[in-house]
Amino acid sequence: MAVNTELQGASYSLPQPYEVSREAIAEFARAVGAENPAHFDAEAARGLGYADVVAPATFPVIPSQRCEGIYISSPEAGIDYSRVVHGQEQFEYVRPVVAGDRLAATTHVDGLREAGGNAMITTRTELSDAESGDLVVTVTSTIVVRGEK
Amino acid sequence: MTAEHAARPALADLEVGERVIETAVPVSRADLIAYAAASGDHNHIHWNERYAREVGLPDVIAHGMLTMGSVLAKVTDWAGDPGAIADARTRFTSMVVVPDAESGPPSAPTAQLDLTAAVGAIDADAGIVRLDLEVASAGEKVLGRTQVKVRLR
């Protein structure tokens, strides 16, 4: 199976916005050991000037990996998921994610190249407010598909 | 609210090169299951040892995003504001192997992340400090070029 390099520039969107809940934020915060009360207590979050509980910094991977997954798992992509390793990750925030956000997600396949039997794929996923269209956070991810050797 | 969260670092008090975080984060098999559930990343290599070995890994390994998420949690807890991160980037340079516990509950830690964060740059006009993170496990660097820009007052 070979990675399809003709998909450079393609984009994929989640069919429905990802709805950010207080419960999902609290569960994620516990899983990564984030202890600030503003992850768990809306009053504490309001005390810091936020509308509701605040998501941990890497929480946007939930919708971004879901959206990247549409591309990665599509038969046309030619990606053997068992050979995928994570190379790089970046979050560029316009504003923090808070409970109640409805995030639209679109993944752009920005870079797709083969080198030494491996394929290196960079995706950029834009998470935007589903109502206003305003960008909230951009998640850039690079994966390496190890060659069959 | 607790007192430790009330004390927030001020930009004016920081100096380039100053080490602001030095801590160890224990990791257990149970932590990987909890992260899989919270994140929706159920890749088999993070919980099934047989499958991990079949695809050429030494054992079950931690999600790269669990490592990144755990160290960024220490940064936001230090900042006292979980919404203070403007930008965070990392490279996954080596895997964090998480063996099964010899006996007893799988919540017993069998791996550890060693984190240090130092002030890399201060942009007083923008109100942003850049922290440069070093993250190792079992003596090997697991995250490379990890930079986090934090908004402080």
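Author: Strand 3 of chain A pairs with strand 2 (residues 85-92) of chain B in the antiparallel sense, over five bridges. Strands here are DSSP runs of E with at least two residues, helices are runs of H or I with at least four residues, and both are numbered from the N terminus; two strands pair if DSSP finds at least two bridges between them. Within this pairing, A:Gln90 has B:Arg89 in strand 2 of chain B as its bridge partner.

This is a predicted model, in which local features need pLDDT of at least 70 and side-chain atom pairs count only at pLDDT 80 or more, while totals for chains, interfaces and linings use all residues. Residues are numbered from 1 along each chain as its sequence is written, and chains are lettered from A and ligands numbered from 1 in the order in which they are written.

The contact as a whole takes 32 residues from chain A and 31 residues from chain B, two residues being in contact if their C-beta atoms, placed from the backbone, lie within 7 Å. On the side of chain A that touches chain B, the elements giving two or more residues are helix 1 (22-32), helix 3 (61-72) and strand 3 (84-93). Strand 3 of chain A supplies the largest share of that side, eight residues. By class, the side of chain A comprises 17 nonpolar, 10 polar and five charged residues. Nonpolar here covers Ala, Val, Leu, Ile, Met, Phe, Trp, Tyr, Cys and Pro; charged covers Asp, Glu, Lys and Arg; the others, Gly among them, count as polar.

A helix pair also takes part. The axes of helix 1 of chain A and helix 2 (residues 29-39) of chain B come within 9 Å and cross at roughly 150°; axes are lines fitted to C-alpha atoms, for helices over the stretch in contact, and angles run from 0 to 180 degrees between N-to-C directions. Helix 1 of chain A is therefore roughly antiparallel to helix 2 of chain B, a term for angles over 145 degrees. The crossing of these two helices is left-handed, that is, the near helix is turned anticlockwise from the far one by less than a right angle. From helix 1 of chain A, A:Glu27, A:Phe28 and A:Ala31 meet B:Ala34, B:Tyr35, B:Ala38 and B:Ser39 in helix 2 of chain B. By class, this helix contact has five nonpolar, one polar and one charged residues.

Notes
Parallel < 35°, antiparallel > 145°, perpendicular 65-115°, else oblique.
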